Amino acid sequence: MPASPSTARAINDRVALRLLQQEGPLTAGQLKQLTGLSRPTVADLVERLTAAGLIEVVGESGEQRRGPNARLYGIVADRAHLAALDVRTEGVSVVVSDLLGRELARASVPIADDTGTGPAVEQAVTLVERAAKEAGAERLHTVGVGAPGLIDPATGELRDSSGLPEWHRRLVAALQERLPARVIVENETNLAALAEQRDGAARDRDTFVLLWLGHGTGAAVVLDGRLRRGASGGTGEIGFLPVPGTSTLPSATDCEGGFHSLAGSAAVAELAAGHGLVAMAVSPGEPEAAALVRQAVATLSSPSASPSPSPSPSASSGADRFLSALADRLAIGAASVVAVLDPGCVVLGGEVGQVGGEVLAARVGERLARMSPLPVEVRASALGGGAVLRGALLTARESAQDDLFAPRSR
């Protein structure tokens, strides 16, 4: 049956808003061309959306054109303000943006291991409130939170997880109590995968696996364009994957002995030390493994590209052996994922994947080609650790737009 007039108007409005979000400001004529709607229909929807406070005139299309037909319409960016949180065991980072995703404020706070649950929650919530105030946001419409651990697929809540601080779960409840905003929680690795698919290394892939390599390990699975979470929200808990090369097996409460024992930051640091490498400089919040991998890659790079003295043969040899040994370890975990899912593409994500770049990705790819009959491309992360915040912001933005752009009763 044909849509009713009110339903047709709602559909047209939503299509126009999505075009303005994706393409930027457009004239009524451009909206007519892109939507295929008639001129009177476009004029009506522009009037409706302007009256609703969703779009506004933001300029004119060119110096040679004047009048109504030249007006450029754009989404009202401050119609809603959004926040994204990256919650780690060692601290919290936050970004506040407008409805178009433009960053307005950014802040972070370290939280020590011995900080009590209450004080830790208060520090994190205060950080969000301060960032929102700095951004000029009277209120936040939606907050996206990326955190380690399992997200209950039925409730969307962060589940109890051994090894993670209690303040993580308390933080979500505190945000919901203190902020008049919708709060959405998602596993950090899943958010990183969404960001890499939208803006990073997997832009041209609708099926891939992101292997998270930071302080810990994890994986995110995207199949046919959809993020897969599993029956209990545990898809990608690769740190618990039993692998050769460890002295024990993981348990239900401890990933020691699993893939984490080969590829977690502490394990990578121990591997580097065995090859004579020690991290020279570690940025605040950066996994030691990332600093070591960055240092090893730089050591192998062309001496002419760096003003520093050429590395000694022994240093170059140690860096080469370290990266090869690390690639061996990563390939073990990646091969298991490839054998089960056949994703065609594995992105080495997180801080380690980004700094390892093509050097590390190529070595892992070579090993996978020898271990698996399935074709797979290995790529380095384009976003690194920042992918979690980016993914959280994208999720908050999608949710806010679904709410604001939803058909309204007429």
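Is Asp-224 buried or exposed? In this predicted model, Asp-224 is exposed, with a relative accessible area of 60%, a value that lies over the 50% cut-off for that class.

## Two aspartates with positive phi

Asp-224 sits in the loop that runs between strand E9 (217–223) and strand E10 (226–228), and its phi is near 50°, a positive value in a residue other than glycine.

Asp-342 also has a positive phi, about 50°, although it is not a glycine, and it belongs to the loop between helix H10 (313–341) and strand E11 (345–349). With a relative accessible area of 43%, Asp-342 is partly exposed.

## Overall fold and dimensions

The protein contains 12 helices and 12 strands, and its C-alpha trace spans about 75 × 50 × 50 Å along the principal axes. Because a compact globule of 410 residues would have a radius of gyration near 22 Å, the 24 Å found for the protein agrees with that expectation.

Among contacts between residues at least 6 apart in sequence, 63% join residues that are at least 24 apart.

Methods. Residues numbered from 1 in each chain as written. Predicted model: local features only at pLDDT ≥ 70, side-chain atom pairs only at ≥ 80, totals over all residues. Heavy atoms only, no water. Helix = DSSP H or I, 4+ residues; strand = E, 2+ residues; numbered from the N terminus. Rg over C-alpha atoms; globule rule 2.2 N^0.38 Å. Contact = heavy atoms within 4.5 Å. Buried < 20%, exposed > 50% of the residue type's maximum accessible area, 1.4 Å probe, protein only.
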